[in-house]
Amino acid sequence: MENIPITIPYVIDLDDHEGSGIPTLIRYHANGEREEEMSPVMDGEGPHRLFNVTDTVMCKMPTGVTPEEASRMAHLHSQGYETFFVDSGSMYLYADGKRTVVRTGDIVHLQPGQMHAMASIEDVKWRGFFHDLDSFDDGWQSTAVTQRIPGAADDPAYQKARGARDYLKCEQPVYRDVPPEEMGAVRNPARPLASYAFDGMTAKVLVPRWENGGVTECVLAEMKAGFSFRWGYHPTREQYYVRSGRVKLTVFGEDYIAGKACLVNVPKLAPFSLTALEDAEVYDMGGQTKWFAFLQDYASVRAYDPARLGDREAMQALKDKYGIPLESMGLE
Ligand SMILES: [Fe+2]
């Protein structure tokens with residue numbers, strides 16, 4: 001593979017590592033079977049190390065090993081938040097003294113101090129979005145260095161320079177089996193915390209801001225074909241994850257297509273639009289937009305004072321209150 005580039009593309013296809021230039025680091029069990037294929041996709045940035053993304057295949061647990069033995073990678077993070085999309089396969093997830101099976105379509109949200117362990121029943125595509133976590137937040141840059149300097153990864157001086165890792169190894173967990181809906185860490189778009197229907201788009205809150213240390217939130221926009229968001233100068237970088245369907249990103253007058261399993265990165269301050277070319281599931285992962293508070297207020301206005309919806313100034317004030325430079329939102 002070519003050395004990874006320094007700039008971040010607007011669209012990164014997680015189902016095409018070769019084409020996207022995403023490196024893969026493979027870890028093996030003692031018996032030679034694959035344990036995981038870890039790919040750093042984007043580094044963290046800013047005081048909360050936002051935008052940090054990895055794409056990992058958590059390989060089927062090794063032959064002759066029980067889930068309990070496989071679950072010995074139990075650990076917790078003292079400060080970091082992790083949100084994982086389970087995009088293929090199934091696995092045991094241990095958390096909060098419970099065990100459940102998570103499957104394709106689930107989302108796992110883990111908070112600081114929450115012990116977790118996994119044991120894959122089959123290979124799992126495990127797409128991770130992090131903040132306040134130092135374990136992976138320099139994955140892209142550290143890989144760029146170890147690709148260029150043979151042996152650096154095993155050099156104690158390199159490891160020391162890379163710094164401490166927010167990773168506390170825990171004992172093999174004691175647990176009871178529960179269905180996924182009884183494990184708080186497991187989220188699914190079929191059971192959102194809240195859901196708001198618009199003409200052409202339904203917004204679903206999967207992880208609210210208060211479960212992310214106030215830093216970010218995970219909100220799904222289920223867009224019907226033809227639905228479009230148009231933004232003015234966006235005060236922060238933005239990041240979306242397209243889990244299904246196809247959308248068009250228009251930025252600086254150019255169009256980029258993002259399909260299933262694509263990350264969309266919008267540079268800070270760039271006005272842009274996002275249009276669904278077919279029905280699409282788009283998750284806001286940058287989390288800077290205070291969607292949940294805005295959606296609650298919007299629903300209240302729609303229910304109790306619908307005349308205000310036609311008042312441009314009042315609606316602009318509502319958007320300004322939550323820092324939402326949205327120019328339009330609807331079917332085009
Ligand atoms: Fe973790």
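Let's begin with the open sheet of 7 strands, whose order is β1-β22-β19-β24-β17-β16-β15, with antiparallel pairing. Strands here are DSSP runs of E, at least two residues long, and they are numbered from the N terminus. Two strands count as paired if DSSP finds at least two bridges between them.

Before going on, a word on what we are looking at. This is a predicted model, where local features need pLDDT of at least 70 and side-chain atom pairs count only at pLDDT 80 or more, while totals for chains, interfaces and linings use all residues. Residues are numbered from 1 along each chain as its sequence is written.

Let's zoom in on one pair. Strand β19 (residues 238-244) runs antiparallel to strand β22 (residues 262-266), and 5 bridges join them. If you find Tyr-241, you will see Leu-263 of β22 standing opposite.

Now for the other open sheet on my list. It has 5 strands in the order β21-β20-β23-β18-β25, again with antiparallel pairing. Its edge strands, β21 (254-258) and β25 (326-331), each pair on one side only. From one strand to the next, the twist averages 15°. Strand β20 (residues 247-251) pairs with β21 in the antiparallel sense over 5 bridges. Look there for Val-251, whose bridge partner in β21 is Glu-254.

Finally, let's step back to the whole chain. It is divided into domain 1 (11-187) and domain 2 (194-331), with bounds that come from an automatic or database domain assignment. The centres of the two domains, taken over C-alpha atoms, are separated by 28 Å.

How many residues of each domain are in contact with the other? The answer is 21 residues of domain 1 and 22 residues of domain 2, where contact means that the C-beta atoms, placed from the backbone, lie within 7 Å. On the side of domain 1 that touches domain 2, the elements giving two or more residues are β1, β6 (81-88), β9 (107-110) and β11 (124-131). Of these, β6 gives the most, with 4 residues.

Definitions and conventions:
Two residues are in contact if their C-beta atoms, placed from the backbone, lie within 7 Å. Axes are lines fitted to C-alpha atoms, for helices over the stretch in contact, and angles run from 0 to 180 degrees between N-to-C directions.
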